[in-house]
Amino acid sequence: MKLKKICIVTGSTGLIGSETVKFFIKKKFKVIGIDNDLRKFFFGKSGSTFKIKKDLINNHINSYEHHNIDIRNKKKLTNIFSKYKKEIKIIVHCAAQPSHDWAYKNPFLDFDVNTISTFNLLELTKKFSPTARFIFMSTNKVYGDNPNKFKLIEKKTRFELKKSHKFYKGINESLSIDLCVHSFFGASKLSADILVQEYGKNFGLKTVCFRGGCLTGPAHAGAELHGFLSYLVKTIVNKKTYNIYGYKGKQVRDNLHSSDLVNAFWEFYKKPLKGAVYNIGGSRKSNCSILEAINLIEEYSGIKAKLKFVKKNRTGDHIWWISDNNKFIKDFPNWKVKYDVKKVIKEMVLQYDA
């Protein structure tokens, strides 16, 4: 029997993409995965997602169809959309060039992958699948370094805001995207983010931008330039040296498990909006500084971390980021963060003992 519900996932072998594939297969969708492992080109062999692709293909023979397509190839993307048309019920766009450092070295490639490809996907959705949901995996880097202008308190293991600060419970969508340094990566993702909004507001497509904090989980192929928590765990358990860039390792990130994020996708699928934007992350429930993450990894693994402190911070790196999920929860009250940071890290450490 031919499945009539099609889910397209770009970046289907990455952390969020692969979690999305498995989730929507369970929901009885046929999933079309688009991924040519560009991560290997960006981050080397350690960043490759080849094994995940192999597992998806082998474990879901009848419900997963993989296309080894570069997301920049509009002709091949058109072939997929023109084949399935209105059978396509949802597009989850996770494919990206995700590194600040890479974007600085090659801003043209970064913009092509992050912005032009998103524009092409929106056009194809409008032309062939106008009733489909279009979910774009944006980033909190669209706010540039504006969070670094907060008056922060330096504590023993982290930077923190006063409890009276308006963003103490988390940063919401009211934070300005202007008058700041974004990095070229932040700029290309913001360009795509705005396009996704406009296709919702102007053309009536059911689009949403999820501006994620640190997204994580055991399927993350972390590399030094991307995937902070995954790479940190991998480095410590393999007894290699981890470089901490700037801020004494006290910079704070919230960490959202890929399973929690994909459940947010499902909530939006069931009750879609047009041109929606949400900050989404671990919130006050799941956050840590680099030093606090290191302490937890050492505790769960029994291995002492080897660290090197580098004074210079990365361009666009946030000193403190915790997401305020309240806008999304108000619109979709059935959703909540289930994984706290201890559970996230313990799961990631245990996979190396398996």
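Figure 1. Leaving out residues up to four places away in sequence, F159 touches L152, I153, E154, Y247, K250, Q251, V252, I319 and W320, where contact means heavy atoms within 4.5 Å. This is a predicted model, in which local features need pLDDT of at least 70, side-chain atom pairs count only at pLDDT 80 or more, and totals for chains, interfaces and linings use all residues. Residues are numbered from 1 along each chain as its sequence is written, and side-chain values use heavy atoms, with hydrogens and water left out. F159 is placed in strand β7, residues 159–160; helices (H or I, at least four residues) and strands (E, at least two) are DSSP runs numbered from the N terminus. F159 counts as buried because its relative accessibility is 13%; buried means under 20% relative accessible area, exposed over 50%, and partly exposed in between, with a 1.4 Å probe and protein chains only. Although F159 and I319 are 160 residues apart in sequence, their C-alpha atoms are 7.3 Å apart in space.

**Figure 2. H318 in the loop between β14 and β15.** The loop that holds H318 runs between β14 (306–310) and β15 (320–321). With a relative accessibility of 3%, H318 counts as buried. A polar atom of the H318 side chain lies 2.7 Å from the backbone oxygen of G144. Apart from neighbours within four places in sequence, the contacts of H318 are N140, K141, G144, P147, N148, Q251 and R253.

**Figure 3. Y278 in strand β12.** Y278 lies in strand β12 and counts as buried, at 0% relative accessibility. The side chains of Y278 and D331 are joined by a polar contact of 2.6 Å; such a contact is a pair of N or O atoms within 3.5 Å, of which, within protein, one must be able to donate a hydrogen and the other to accept it, and residues adjacent in sequence count only if both atoms are side-chain atoms. Besides D331, the residues touched by Y278, not counting those up to four places away in sequence, include E173, V208, F210, F328 and F332.

**Figure 4. The nonpolar cores.** The largest nonpolar core has 36 residues, and V31, F210 and F265 have the most contacts inside it; a nonpolar core is a set of buried Ala, Val, Leu, Ile, Met, Phe, Trp, Tyr and Cys residues joined through side-chain atoms within 4.5 Å. Two or more residues of this core come from each of β1 (6–10), α1 (15–26), α3, β4 (88–93), β5 (133–139), β8 (206–212), α9 (258–270) and β12 (276–280). Helix α9 provides the largest share of this core, seven residues. F210 is in contact with I135, F136, M137, S138, T139, A264, F265, Y278, I280 and F328, leaving aside its neighbours within four places in sequence. A second, separate core of 33 residues has I8, I69, I80 and F128 among its members.

**Figure 5. The largest pocket.** This pocket has a volume of about 410 Å³. On a 1 Å grid over the protein atoms alone, a pocket is an open set of points where a 1.4 Å probe fits, with protein on both sides within 12 Å along at least five of seven lines, and lining residues have an atom within 4 Å of a point. Grid points are joined across faces, edges and corners, and a volume is the space filled by probe spheres set on the points. Of the 18 lining residues, K51, I52, P218, A219 and Q351 lie nearest the centre of the pocket. At least two lining residues come from each of α3 (50–59) and α8 (228–237), and α3 gives the most, with five.

**Figure 6. The second largest pocket.** About 210 Å³ of space lies in this pocket. Its lining consists of H100, D101, Y104, S183, F184, Y245, K312, N313, R314 and T315. Helices α5 (100–105) and α7 (183–201) each supply at least two of the lining residues, and the largest share, three residues, comes from α5.

Figure 7. Most residues other than glycine have a negative phi. K28 has a positive phi, near 75°, and is found in the loop between α1 and β2 (30–34). At 61% relative accessibility, K28 counts as exposed. D37 also has a positive phi, near 55°, and is found in the loop between β2 and α2 (38–43). D37 counts as buried, at 17% relative accessibility.
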